[in-house]
Amino acid sequence: MEKIKRKFKDNIYLDLFLCFFKVGVVTIGGGMAMVPLLQEKICDKYKWMSEEEILDCIAVSQGLPGVIAINMATYVGYVKKGFVGALLTTFGVILPSFVIIILVVCFLEVVGTNPYIGGALEGIKAAATGLIAFAAWKMGKQTLSGVFQWVLALAAFVTIGFFGVNAVWVILAGILIGEVAFTMNKAKEGSDGSGTAD
Amino acid sequence: MEAGLLIKLFLTFAKIGLVGFGGGMAILPLIYQSVSEFNAIDADEFADLFAISQATPGPLAVNAATFSGFETAGIPGAIAATLGVAFPAFILVALCVRFLSRYKQSRLVQGAFVGIRPVAVGMIMAGFVMMAETTLLSGSLPDVGSIGQLLEIVKPVQVLMVIATFVAAQKFKVGAIKLILIMGVLGAFLCKGELL
């Protein structure tokens, strides 16, 4: 037993699968609920990515077609261990919902009418909401280093959160603005040699 | 099991995986069309599926695929449909990551990320608003006209739980999974009997 344990300890492939399996089990209420869990596991626990890299992952996953949870899983898996890594993370994140849906379909009567299950789900959703607020606070503290970043973040927040604009357009606008800001910054740096690129 | 049916399940849900930009609500109508291609499902049953999906782990599109495939052709059907919904995204993201890591040093990619990162933070904040609306209110936000109305539909226990979660995570560094489990148990008793 000890031997097996040692063999599987620090096996990155196993860690990739298990990490996303666990995230898949507790992610209730859609893709964004995954963000705080991913951030905790991937940045803090396994140190696979930095906070900035996780943000890249979130934006790319939102901007591409497909289900956000799967996109994020594939992204992290591919960055760490290429094709095999991506397969493991994607299977990991899908497997829990796959099994649970089949169970729910088979036992729908029991699950749908149990008052305790309904209450537990309310609690879980409340936790997920608090955790997203925490993730936004933490990522914001890390990334929003100046006025430019704050304005962009707040603009994205208001357009998506309150006006229901599709995230894809907001991301594309962000990319364009980023290109312009980056180019201007470089030009300034080139002319006086004192600019800072961020 | 008929191979043709499995292939059709795979392809139908691959279509959802391919066009589902931004995820979730935006592709609801398409999911409904795809599911009703295979199952005699009416709007009520679809609403149930939606509720189950909100209340179980995993994204709606994946849950709908598993559900539809399972009802149509058992476990093999569920596998075919679920793989279908995941397949296009898998390929696209893999290609995208490859491209990004190859051109990481290019000005164009660096510039893009300068803009993308703050936007992603904004998206997480927006995600909070959307989650908060379904978690904390028993009605929908646009219907609220005054503070009084807002107070009427707000769920006080859930508000406290959201605040407790935030404080526990931020001040006391309690892990996310632990918090979800704790709130699930608390909710089972404090919010007992609330509808899905």
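Reply: Gladly! One term first: a crossing is left-handed if the near helix is turned anticlockwise from the far one by less than a right angle, and right-handed if clockwise. Please keep in mind that this is a predicted model.

Me: How many helices and how many strands does chain A have?

Reply: Reading from the N terminus, the elements run α-α-α-α-α-α-α-α-α. The count for chain A is therefore nine helices and zero strands.

Me: Is the packing of α3(A) and α7(A) parallel or oblique?

Reply: Helix α3 (residues 34-45) of chain A and helix α7 (residues 115-143) of chain A have axes 8 Å apart and meet at an angle of about 55 degrees.

Me: Is the crossing of α3(A) and α7(A) left-handed or right-handed?

Reply: Here the definition we began with comes in. For α3(A) and α7(A), the crossing is left-handed.

Me: Which classes of residue make the contact of α3(A) with α7(A)?

Reply: From α3(A) come V35(A), P36(A) and Q39(A), while α7(A) brings L131(A), I132(A), F134(A) and A135(A). Sorted by class, they are six nonpolar, one polar and no charged residues.

Me: Which element of chain A has the highest mean pLDDT?

Reply: Chain A averages a pLDDT of 83, and 87% of its residues score at least 70. Among the elements, helix α1 (residues 2-8) of chain A has the lowest mean, 63. The highest, 91, belongs to helix α8 (residues 147-161) of chain A.

Technical notes: Residues are numbered from 1 along each chain as its sequence is written. Chains are lettered from A and ligands numbered from 1 in the order in which they are written. This is a predicted model: local features need pLDDT of at least 70, side-chain atom pairs count only at pLDDT 80 or more; totals for chains, interfaces and linings use all residues. Helices (H or I, at least four residues) and strands (E, at least two) are DSSP runs, numbered from the N terminus. Axes are lines fitted to C-alpha atoms, for helices over the stretch in contact, and angles run from 0 to 180 degrees between N-to-C directions. Two residues are in contact if their C-beta atoms, placed from the backbone, lie within 7 Å. Ala, Val, Leu, Ile, Met, Phe, Trp, Tyr, Cys and Pro count as nonpolar, Asp, Glu, Lys and Arg as charged, and the others, Gly among them, as polar. pLDDT is the predictor's confidence in each residue, from 0 to 100.
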